[in-house]
Amino acid sequence: MNAHHKLLNQAEQLVQEGNYRSAIALLETAGRYDDPALAQRLIELRIQAYPEMEWPQPHSNWPPVHDNRFGSVEGFPEIGAGDLDADALKAGIFGKGGLIVRGLMDSARIKTMRENIDRVLQARIDVSQGAESDAHTNPWYRRCPSVQGGPAQFRGGERYTNVGSVWSVDSPPVTFQLIEYYREIGLPALLTGYFGEDSVLSVRKWVVRCAAPNNGASSGWHQDGYFLGDASSIRTANLWIALTDCGGDADAPGLEIIGGGERKIHETGTHGSPFNWTVGQGLVDEIAQTNPVQCPRFSAGDALFFDHFNLHRTGFGLSHTNNRYAIESWFFAGSTAPLKQQPVVF
Ligand SMILES: O=C(O)CCC(=O)C(=O)O
Ligand SMILES: [Fe+2]
């Protein structure tokens, strides 16, 4: 038996014993992103684990108290990656609607992730054109059986291009590397401190993206809380990481985003809104009178944390020339993770 099968068998044994956490930890620590069968099995386990595991009841210290350290800051507060901790995150999200963390991803990772996104988008094109979606021939785009539904058409569907969004879980090597990165920067412990319990990712709200300049075609203003689940009960933190210089005066679209930390879901589908889930420009203009729209300048590797009450859209531009790569990772407190997003244990 080769070492690889041995690992998978050991993981299987742990699953039989009901010990998903250990099975996941085993494959994660002893496995590699470029072992396609292992990376896929790991995603299966991460999805299957959530309903099988015990999660606490939501605790009552929510919204959490915070020290309001950014009280006098105009716009989104900013910190360096070395200063990121749960208290800063609470003060950023609950005090100001978000927190910018400069230099969260190092340049080697940024380069790898951008190359990964190119590979994934290309693999999706290949698969949609009938190429074998076999583990070994096309490991970069491969949907696991536990992943339900979604925008991806595997054959004969939409025409895919080298820009667009892909669920991270549709690329097992990317999922492996992203979780490795989260561990490297201490994110699991940080989020446990933030939520007061362990958190999970999800199939549907964990996205890698290459966004083309929209140059005149606006994307929708939205609050993710409108469609994620019951906004008043879920507890979330989105880690959005720029992999390209963008926003502000950069040549690629960033995010347009309202700060202030108001905890309310705004009316959608009115005030000239193009979709039933988007907030119309007229209403955004009203809200912007008290909380102006911001378009922070990000360098590749900078990150922004915000949650499901934040109102934002992909940056609108008229003269952008560059594609923008980014990673969007929504984390949910395990006790309130919405099942329809398909929680992913990490
Ligand atoms: O990357 C983008 O342009 C959109 C991101 C977004 O809507 C989100 O992270 O919730
Ligand atoms: Fe969003």
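Where is Asn68 found? Asn68 lies in the loop between α3 and β1, and a legend below returns to this residue. The model is predicted, so local features need pLDDT of at least 70 and side-chain atom pairs count only at pLDDT 80 or more, while totals for chains, interfaces and linings use all residues. Residues are numbered from 1 along each chain as its sequence is written, chains are lettered from A and ligands numbered from 1 in the order in which they are written, and side-chain values use heavy atoms, with hydrogens and water left out.

**View 1. Packing of helices α2 and α3.** Helix α2 (residues 20–30) packs against helix α3 (residues 36–52) at an angle of about 160 degrees, and their axes are 10 Å apart. Helices (H or I, at least four residues) and strands (E, at least two) are DSSP runs, numbered from the N terminus. Axes are lines fitted to C-alpha atoms, for helices over the stretch in contact, and angles run from 0 to 180 degrees between N-to-C directions. The angle makes α2 roughly antiparallel to α3; angles over 145 degrees count as roughly antiparallel, under 35 as roughly parallel, 65 to 115 as roughly perpendicular and the rest as oblique. The two helices cross in a left-handed sense, meaning that the near helix is turned anticlockwise from the far one by less than a right angle, whereas clockwise would be right-handed. On the α2 side the contact is made by Tyr20, Ala23, Ile24, Leu27 and Glu28, and on the α3 side by Leu38, Arg41, Leu42, Leu45, Arg46, Gln48, Ala49 and Glu52. Contact means heavy atoms within 4.5 Å. The residues of this contact comprise eight nonpolar, one polar and four charged; Ala, Val, Leu, Ile, Met, Phe, Trp, Tyr, Cys and Pro count as nonpolar, Asp, Glu, Lys and Arg as charged, and the others, Gly among them, as polar.

View 2. Leu8 belongs to helix α1 (residues 3–16). With a relative accessibility of 14%, Leu8 counts as buried; buried means under 20% relative accessible area, exposed over 50% and partly exposed in between (1.4 Å probe, protein chains only). Apart from neighbours within four places in sequence, Leu8 is in contact with Leu27, Leu38 and Arg41. The C-alpha atoms of Leu8 and Ala23 are 8.8 Å apart, and these residues are separated by 15 residues in sequence.

**View 3. Crossing of helices α3 and α6.** The axes of α3 and α6 come within 8 Å and cross at roughly 70 degrees, which makes α3 roughly perpendicular to α6. From α3, Leu38, Ala39, Gln40, Leu42, Ile43 and Arg46 meet Pro172, Pro173, Thr175, Phe176 and Ile179 of α6. By class, eight of these residues are nonpolar, two polar and one charged.

**View 4. Packing of helices α5 and α6.** Helix α5 (residues 107–128) and helix α6 (residues 172–184) pack at about 160 degrees with their axes 11 Å apart, and are therefore roughly antiparallel to each other. The crossing of α5 past α6 is left-handed. Arg109, Thr112, Met113, Asn116 and Val120 of α5 meet Val174, Gln177, Leu178, Glu180, Tyr181 and Glu184 of α6. This contact of α5 with α6 has five nonpolar, three polar and three charged residues.

**View 5. The iron ion (ligand 2).** The protein donors are His222 (NE2), Asp224 (OD) and His312 (NE2), which lie 2.1 to 2.3 Å from the iron ion. Donors are N, O and S atoms within 2.8 Å of the metal (3.2 Å for Na, K and Ca); water is not among the atoms, so sites may look incomplete. Asp224 lies in the loop between β6 (222–223) and α8 (225–228) and His312 in strand β11 (residues 311–314), so the pair ties together parts that are 88 residues apart in sequence. Both Asp224 and His312 are buried. The sequence spacing of the donor residues is H-x1-D-x87-H.

**View 6. Backbone features in loops.** The peptide bond from Trp62 to Pro63 is cis, with omega near -5 degrees, and Pro63 is found in the loop between α3 and β1 (78–80). Asn68 is found in the loop between α3 and β1 and has a positive phi of about 50 degrees although it is not a glycine. Asn68 counts as partly exposed, at 44% relative accessibility. Gln342, in the loop between β12 (324–333) and β13 (343–344), has a positive phi near 60 degrees and is buried, with a relative accessible area of 9%.
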